[in-house]
Amino acid sequence: MTHPTDGPEMVPADRFGPPQDDLQRLWTPHRLVYIGGQDKPADPTPESCPFCRIPAGDDEDGLVVARGADCYAVLNLYPYNSAHLMVLPYRHVSDYTDLTDAETHELAAMTQRAMRVVRAVYAPAGFNLGMNQGEVAGAGIAAHLHQHVVPRWPGDSNFLPVVARTKSLPELLADTRERLAAAWPTA
Ligand SMILES: [Zn+2]
């Protein structure tokens with residue numbers, strides 16, 4: 001695999017284990033959680049919602065990058081790319097039109113801040129921003145809205161996510177969280 005020099009340092013997947021056969025090994029421990037389905041809410045109530053549960057715990061365990069007054073920023077446990085963040089309200093609310101003015105403003109401000117921090121740390125060439133509203137639109141946890149902030153690098157859409165429905169990520173999520181939290185302005 002070739003990668004642009006201005007992206008994050010990428011480590012070939014075959015460096016993570018002895019090649020005992022012709023299969024590519026990918027270091028994607030979070031996929032195991034995904035396959036187990038542990039974080040799929042059983043129902044749409046706040047009691048079953050991981051996005052309501054995360055802020056009650058500590059930042060390291062929840063992969064929380066920053067906390068505001070009404071919203072927080074957290075790493076996606078199933079990232080499309082390195083440093084894939086989500087910005088979301090603490091309040092369990094599903095529809096964008098149901099946000100208060102304060103929540104709307106902070107969601108936007110934290111999205112901008114997330115972009116600046118990710119740019120400073122990982123130097124992506126672009127971003128995908130967006131919210132999937134409803135399961136029909138692709139929301140994994142539709143009951144609690146979340147804005148995706150996905151950094152993009154040239155050539156990052158290689159064949160793996162398309163064909164193999166998986167993706168090789170060069171950095172552990174705990175390390176990503178540490179770097180972004182350290183770079184996040186506290187003022
Ligand atoms: Zn919730």
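**View 1. The side chains of strand S3.** Leu85, Val87 and Pro89 point one way from S3, Met86 and Leu88 point the other way, and all are buried (20 or more other C-beta atoms within 10 Å of the residue's own, with C-beta atoms placed from the backbone). In a regular strand, side chains alternate between the two faces of the sheet. Five of the five residues of S3 (residues 85–89) are buried, so the strand is largely enclosed by the rest of the structure. Strands here are DSSP runs of E, at least two residues, numbered from the N terminus.

This is a predicted model, in which local features need pLDDT of at least 70, side-chain atom pairs count only at pLDDT 80 or more, and totals for chains, interfaces and linings use all residues. Residues are numbered from 1 along each chain as its sequence is written.

**View 2. S3 beside strand S2.** S2 (residues 71–75) pairs with S3 in the antiparallel sense over five bridges; two strands pair if DSSP finds at least two bridges between them. Look for Cys71, whose bridge partner in S3 is Pro89.

**View 3. S3 beside strand S5.** S3 and S5 (residues 147–152) run antiparallel, joined by three bridges. Here Met86 has His148 of S5 as its bridge partner.

**View 4. S5 beside strand S4.** S4 (residues 126–130) pairs with S5 in the antiparallel sense over five bridges. Gly126 has Arg152 as its bridge partner in S5.

Terms used. A residue is buried if 20 or more other C-beta atoms lie within 10 Å of its own, exposed if 12 or fewer, and partly exposed in between; C-beta atoms are placed from the backbone. Helices (H or I, at least four residues) and strands (E, at least two) are DSSP runs, numbered from the N terminus.
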